[in-house]
Structure formats: C-alpha cells, structure tokens
Amino acid sequence: MRTTAAVAAVLAVTGAALTWAPVASATTTTECVTNPLGIAGHYAEFVEKDSVRHSDSEGAVAVGGDATFGDPKRPSGFSIGHQLTAADLAQLPDGRSLVVGGTLYANGVVLDNGTGIARKVVNRATQGQGFGVDGNKVKEGPSPIDFGKEFAGLRVLSAGWAGVKPNGEVSASEQGVFLTGTDAKLNVFAINAADLEKAGAISIKVPAGSSTLVNVLGGSYNMQAKPTYGVWIWDEQSNGYVQDDYNSGSAAFKQVRSKLLWNFPQAETVKKNYSSWPGTIFAPNATVSMGSEGGYGPGHVNGSVIAETLKTIPGAETHQMNFTGCLPGKVTPGPVITPETPKPTETPAPTPSATTSEPVPGATPSEGGETPGATESPSGSASPSSPATPGTPEETESAPAPAATPTEAPSATPEGDLASTGSSVGPVVIGVAAAAVVVGGGFLGFAKYRRRTS
C-alpha cells in the first residue's frame, strides 16, 4: 500500500502502522472543545494540496496547492460563498472566501460573497467566450494560511480522536449499518471501513443537540462498493429516520447533522458516490473523490470536506453547513481503538413511499458554475408510524434505478423538482433523476455560465 509523506509523518510520531490490527496512535482527554478544527472549521472545503472543482461550494474554500476550478471543455464553472454572511467572512483569515496557495486555473469562477487571493491566477476561459474570474475579486499574493502548520495539527487531532473510547453501538443487518448512541453530550463510534462499505444504508440515532464522532478505520473507504444509497438520521420531531438531503428534517435533525464528524485517520483514499452525505468529512491524509468520471455520478456534502487532495466531477457540491459540535481537544499518545464487528440486528426496514410523477430539471439556482439540474427543496420526512430503519432506497440526489417497479403509496406527494427530499419519490424515479443530474445539470450550468458572460 502506498504511504504518503503526510501519513508517514503521523505514523512516525504516533508509532502507528497503517494496518487493520491494533496499533499505537493517540488518545484524547475528555475535555470538550468548541471549534476543535480551528481555521479549517470555518471552510466548506479545506485542502492541503491540490483541488479540482466544478459546480458550487456554498461556503469558503481554501486550497494549499493548485486549484483547477471550472473547465471550458465541459463547459463548467465554479461558484463560491453563496451562503456566506458578513459574520462568516469576518472569521476567515484576511476575510478571504477563497485562498489558493498555488496557482488558480480559472474558468467561470464566481465569488458570490467575499474576495480571493492566489499566488498566481491563470485564465483558462476560451478567448471571447467567457471569463476566468468574474470581476476583480481574486488578487495575486501570498496565502494568509500556513497550510503545513494547520494540517500538522489536524493530523494530530485525527489520530487522537481515533483513540477515543466508543460509547455508542454499531449494529448491522441486510439493510445496512446502524449507529445508535444515547449520550446527551458526545456519542463516539468506531467501525472498520470495510464494514461501512457493506452498508446499503447508514442510519444514525443520537440525541438532538449532541455531538457525534464516527471513527472509520482503514486505509481506504469507497461509498460505491455496495453501493451505499443514502444516510438516514433519526429525527426526534417526527420520531423516525429521515434520509439526508439539503433541507431534510426538522430542527432536531439539523442539530444532529451539524454536529456530526466522520474521522478517517488512516485513509489515503475516500471515495464518495451519488448519495447525499451529512456532516463533515475529516480525512487529512486522503485524496477525497466526489463522483467518478465515466462511473457513478456526483453527490453533495451537507457539511465540510477537509482533505489532503480533493477531486470532483461536475455536479458535486459542498454546502455551508460547517461543523458546530464539541469534541475532545487535547491529545496524548495512546492506543487506537480497534472496532468490533457490527452486531447483527433484525430490525425491519420501512416500505418506501412512491410517486408516479417523473422529476424534471428545475429552475437554475442563483449560484454561478455548473450545478445539477434542479433546485434542492424540502419535502416530507419519515412518518412517526414508519418502521425505525431505512431499507430500499426512497430517494437520493442521483441514485441508480432498481429493477423493481414500486406501487404508489397513499402518502406520496407528486414532486416536480429533481432534488426533492424526504420520502416522497419512489425508486423508479431515482433512475430518471440520475440521468437528469448528469445530462440536465451540464445544460443548466452552461446556460447560467453564458448569462454571467453577457
């Protein structure tokens, strides 16, 4: 297995070996620290080395190496900071919503809020047909962030959190993996990446308002392996699991999502598929991929991505839902926690509701860049009478179509948006949505890109 210099440096300090066996790592105190991620916690994307991006990031973006944003051959652009407020910008170094430590290769880059800085800016737009950066919003100059220093600290945190003793239970069935915790303050889980990859669905049940740390151990994680078609979070208001999407669930659901962190301390690769992902992906040693060229479509992250390298395909977005939880802050050497095999469970899966309406591309979002062909919109969450675990897919942001044809449920509400949320769209519609995201998304992104140039 390839071991990067960054991973080797961490292992040298902790004495760990990049294996599945119990190894030396680090543990933490039980002290709870708000904003434990430091500067990185203020960004939707915080990348040590290079980043390749299209579509949108609603929050701030920081890249230590080179950033390739947008592609004139798609065509695609990249918009930044649509949901940033003045208070958000005030927390960023120099108030910059975009920081690139190396060269910014730009095509159709739009800063909706804030300004940017890059060591060098290269306009990749086709002459006479577009722009590199919209307006005079990115200047050339040195980075206000010491990425080497920040990631050294982040790697210590990641290794340290891997040593926190779990207090939550991990169970599994044919439907997927279930993470269940009862602590009102902090719920900690540990699971092998190979076991998480087997999950068709991932379900999380913790008290609203509590923080959640999920340690995923192993050298790689691939969400497309089974594949995993969605992540569900228990919504205390509806008394049922609700599938994650942009505006899913009640305030209780959103409290859990905003305080959820997935820690990949040993991973060198983390591959995300078309499913919406709630919470922060914390993989400081890894190349994180959102979608695959010629393979599976993009999926959004309703949280932040902190990675060594970030690669995405058009349509993949990060949303302004930064981590707000409270996690242990001080680290000392100690043993890493070895995950147990998930306990078997026989909890039944719910019957997905369905609709006969076929989604069509919706209105163009107000952000710049290329986006999926619909505006994400809320819809119904799980019914209190529904069984407590997810089963066959109800709806993802672009999931493949199962072979079975669903019957229409009485509770189904016809939806016209591609990215409708909750449980109102049936499995057959999902395949149509997947095609529309890949094809329609590029069309709408181009139309929006052209309007920006006029």
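Predicted model: local features only at pLDDT ≥ 70, side-chain atom pairs only at ≥ 80, totals over all residues.
Trainee: Is Cys-326 buried or exposed?

Mentor: Buried means under 20% relative accessible area. Cys-326 has 16% relative accessibility and is therefore buried. Cys-32, at 27%, counts as partly exposed.

Trainee: Turning to Glu-197, which side chain of opposite charge is nearest?

Mentor: A salt bridge needs a side-chain nitrogen of Lys or Arg within 4 Å of a carboxyl oxygen of Asp or Glu. For Glu-197, the nearest side chain of opposite charge is that of Lys-198, 8.5 Å away. Glu-197 is buried and has no salt bridge. This residue is in helix α4 (residues 193–197).

Trainee: What does the side chain of Glu-197 reach?

Mentor: The backbone nitrogen of Asn-222, at 2.7 Å. Leaving aside neighbours within four places in sequence, the contacts of Glu-197 include Tyr-221, Ala-225 and Thr-228.

Trainee: How many residues of strand β16 are buried?

Mentor: In a regular strand, side chains alternate between the two faces of the sheet. In β16 (residues 201–205), 4 of the 5 residues are buried. β16 pairs in the parallel sense with strand β14 (residues 176–180) over 5 bridges, and Lys-205 of β16 stands opposite Thr-180. β16 also pairs in the parallel sense with strand β19 (residues 230–235), over 4 bridges; there Gly-230 in β19 is the bridge partner of Ala-201.

Notes: Residues numbered from 1 in each chain as written. Heavy atoms only, no water. Buried < 20%, exposed > 50% of the residue type's maximum accessible area, 1.4 Å probe, protein only. Helix = DSSP H or I, 4+ residues; strand = E, 2+ residues; numbered from the N terminus. Lys, Arg positive; Asp, Glu negative; His and termini not counted. Polar contact = N/O pair within 3.5 Å; in protein donor to acceptor, adjacent residues only side chain to side chain. Contact = heavy atoms within 4.5 Å. Pairing = 2+ DSSP bridges.
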